[in-house]
Amino acid sequence: MTKVDLFGEGVEFDHIGMSMKSIEHALGGIEQTVDPTQKVAVAFFDLHGAPIEAVQPQSDDSPVASSLNRGIKLLHLCFRVPNLDNAICVARRNGLLLVASPTPATAFDGRRIAWLFSETMGLFELLEASRPDCPPPPAR
Amino acid sequence: MLESLESRVRKVISEVFAIPVEQVRKETTQHDIKNWDSTNVLHLILSLESEFGMTFDVDELTEFTSVETILSIIKRKDAGQ
């Protein structure tokens, strides 16, 4: 299979973002996290081995709300990156547009996320593998 | 003859939103074009980056609301401000 490199080295797939009007309605009593910065509630679940982030808009001005109104359910692909700033730099060189600057995300224990848009592949979320103030232990 | 900045911008907008270029005037805003939404404006910005060989910063994205503001952004970047 042809490999495509958009974000540089050390990148790993993390999850697929799927929008829904009501997480409660779709998934029952699943644990939800509200992210006031992104104006969404999210919940993670395993769909036959595929990690899914369910995303429910918390207000009408949430970007997710406008997607949902246009019938869009599959929102984004998320990849973990070792260094978010480097990955953004590589992505920009590859023609992607940075649509939201790095910001800590409640749903990911304060790790930083950023949003990028590709003309041909749509929306990507990049998730930093670790918090800047809590780096992973050095490899042995 | 060199194509003017305004006519190049109008052409890009007409291509992205699939409307005749005559419908895109200097006074045109996001409210005049039916499909000017949060996703299609990203297609527009990437097309403008490609047309003008420049990159736009994340802080500038909310300014892409009309032909006039787009012209201002491009002129500002061209002037290195």
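Two strands count as paired here if DSSP finds at least two bridges between them. This is a predicted model, and on that criterion chain A has an open sheet of eight strands, ordered β2-β3-β4-β1-β5-β8-β7-β6, with mixed pairing. At the edges stand β2 (33-35) and β6 of chain A; each has a single partner strand, so one side of each has no neighbour in the sheet. On average, and ignoring direction, neighbouring strands of this sheet are turned by 30 degrees against each other.

One pairing in more detail. Strands β1 (residues 12-19) and β4 (residues 50-57) of chain A run parallel and are joined by four bridges. Ser19(A) has Val55(A) as its bridge partner in β4(A).

Across β5 (74-81), β6, β7 and β8 (122-128) of chain A lies helix α3 (residues 84-93) of chain A, at about 5 degrees to β7(A).

Now chain B. Helix α2 (residues 40-52) of chain B has 13 residues and spans 18 Å from first C-alpha to last, close to the 18 Å expected at 1.5 Å a residue. After α2(B) comes Gly53(B), with a positive phi near 60 degrees.

Which residues of α2(B) are buried? They are Val41(B), Leu42(B), Leu44(B), Ile45(B), Leu46(B) and Leu48(B). The buried residues of α2(B) pack against α1 (5-16) and α3 (67-78) of chain B, together with β6 (97-104) and β7 (112-118) of chain A.

Last, the contact between chains. Nine residues of chain B contact 10 residues of chain A. On the chain B side, five are nonpolar, three polar and one charged.

Definitions and conventions: Residues numbered from 1 in each chain as written. Chains lettered and ligands numbered in written order. Predicted model: local features only at pLDDT ≥ 70, side-chain atom pairs only at ≥ 80, totals over all residues. Contact = placed C-beta atoms within 7 Å. Nonpolar A, V, L, I, M, F, W, Y, C, P; charged D, E, K, R; others polar. Helix = DSSP H or I, 4+ residues; strand = E, 2+ residues; numbered from the N terminus. Expected span 1.5 Å × (residues − 1). Buried ≥ 20, exposed ≤ 12 C-beta atoms within 10 Å, placed from the backbone. Axes fitted to C-alpha atoms, helices over the stretch in contact; angles between N-to-C directions.
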